[in-house]
Structures are given as C-alpha cells and as structure tokens.
Amino acid sequence: MDALACLMTRRTATRLVEPGPTSEQLAVMLTAATTAPDHKMLRPWRFVVVRGEARTTLANAITAAAEAVGGLAEPVIRKAAGKATRSPALIAVIASRVPGAKVPRAEQDASAAAAAQNICLAAHAQGVASAWKSVPLPDSDEVRAVFGLTGGEELLGWVELGTLSDAVPLPPRPQVDLPAVTAELTTDGVLAPVPALAAAATLVTPAG
C-alpha cells in the first residue's frame, strides 16, 4: 500500500476481534509513532502496549477507579472496565511533556496526537484495524498507576488494535465538504476559496 492510499483509506474500526497484531507489527507501529512531527526533538510522548492477560489487569484498575468514585451503577462500572478487553491489543498514548522547554505544551501534546495517528496509519498499512479511543477515568489514581504516569504526564487515549469484525461492517461516512472548511489567504488579506479544491475533493476517500 502506498502512502497516499494508506492516508485516504484508513478508517476507524467499529468492532475488533482476534487475531491481534503480532510483536513485529507492533514494533513497526511504535517506530512509526516516533517519526511524528516533534519540535526540537523533545520526544514528549511515551507508549504502553496492553495485550493478552494484561488487559484484565487494566480492567481491574478501571474497576477500582470506578468503584472509588462512588455511586456508579454496576452496569456503568462493568462497561467502563470492558473497554480494556474489547480489542485484542491496545497502545496507550501518553503525553510526557518536557518541563522548561521552549516548546509550548499544546505543541508537545500535538506531537503526541500525531504519534497516535501514525500508529493508526502503520496499523492500516500492515492490514491491522484500529480505533483511537478515550480512556475511562484517565485522571484516577488507579489508572494513572497502572500506566506508570508521573508528574504532568497525561493519558491522551489509546489505540485499539485487532481484526475488523465481519459482523459489524464499517458504516458509510459522508464526504467532507473541503471548500467549507478550507480557505487561502490572498496578498490583500482576504480569505478566498482555494482554486479547484472542489474537484480535488472527489479524489479523497472519506476516513473515520
């Protein structure tokens, strides 16, 4: 798969089943993550792979965090914990900011988000389906501890990985109206339509 085809056809998986990615495939994804744009090469991110029985360890931490909140119904707690085991594997993406750096925090977090996108693209290029998801109770002591978060580190989310289920096909996604969300700055300070953008938009396959 060439680079543009990978970009244009990547989709968010609706449901993931076994088999999950191999260790070799995970290594490619993680290497791709480290090529994300990174001003001053701060490497303001790190990653945690969770698969196999370790998913239960993560689920237990989420359960403990949900119970510590108090007042949550049992089905709510069970649903939150189930997010740790609904895919064969996942890669947690942690914003590990570098304090004192001249690169703004938002730019460091953007690098971590770009790393997550690279994981999704590298997965797709290898035939592995993925879904970028939020983390249940990410600020809880229990969840922070299971991922080893320290100081100002923050869980941005995790990328679920596996095989796309035949039982739950990808839903159709409407084409984005590029002219509605894109403009070009002219020399006289006017935001104008980008020439031929409407025609170019038809070349893009919608992605989720």
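Predicted model: local features only at pLDDT ≥ 70, side-chain atom pairs only at ≥ 80, totals over all residues.

Entry 1. Which residues of H2 are buried? I found Gln25, Leu26, Met29, Ala32 and Ala33 on that list, within a helix that spans residues 23–33. Looking down the axis of H2, I saw its buried residues fall within an arc of 125°, so they line one face of the helix. On the face turned away from that buried side I noted the exposed residues Glu24 and Thr31.

Entry 2. Next I turned to charges, and the structure holds seven salt bridges. I picked Asp109 and Arg97, whose side chains meet at 2.8 Å, N to O. This pair links distant parts of the chain, with Asp109 in helix H5 and Arg97 in the loop between S3 and H5, twelve residues apart. Asp109 counts as buried at 16% relative accessibility, and Arg97 does too at 17%.

Entry 3. Asp109 also forms a salt bridge with Arg105, with 4.0 Å between the closest N and O atoms. Both lie in H5, four residues apart, about one turn of the helix. Arg105 is exposed, at 52% relative accessible area.

Entry 4. What else does Arg105 meet in a salt bridge? I found Glu154, at 3.4 Å, N to O. Glu154 lies in strand S5 and Arg105 in helix H5, so the pair ties together parts 49 residues apart in sequence. Glu154 is partly exposed, at 28%.

Entry 5. To close, I wrote down the network of salt bridges that links Arg97, Arg105, Asp109 and Glu154.

Technical notes
Residues numbered from 1 in each chain as written. Heavy atoms only, no water. Buried < 20%, exposed > 50% of the residue type's maximum accessible area, 1.4 Å probe, protein only. Helix = DSSP H or I, 4+ residues; strand = E, 2+ residues; numbered from the N terminus. Arc of directions from axis to C-beta.
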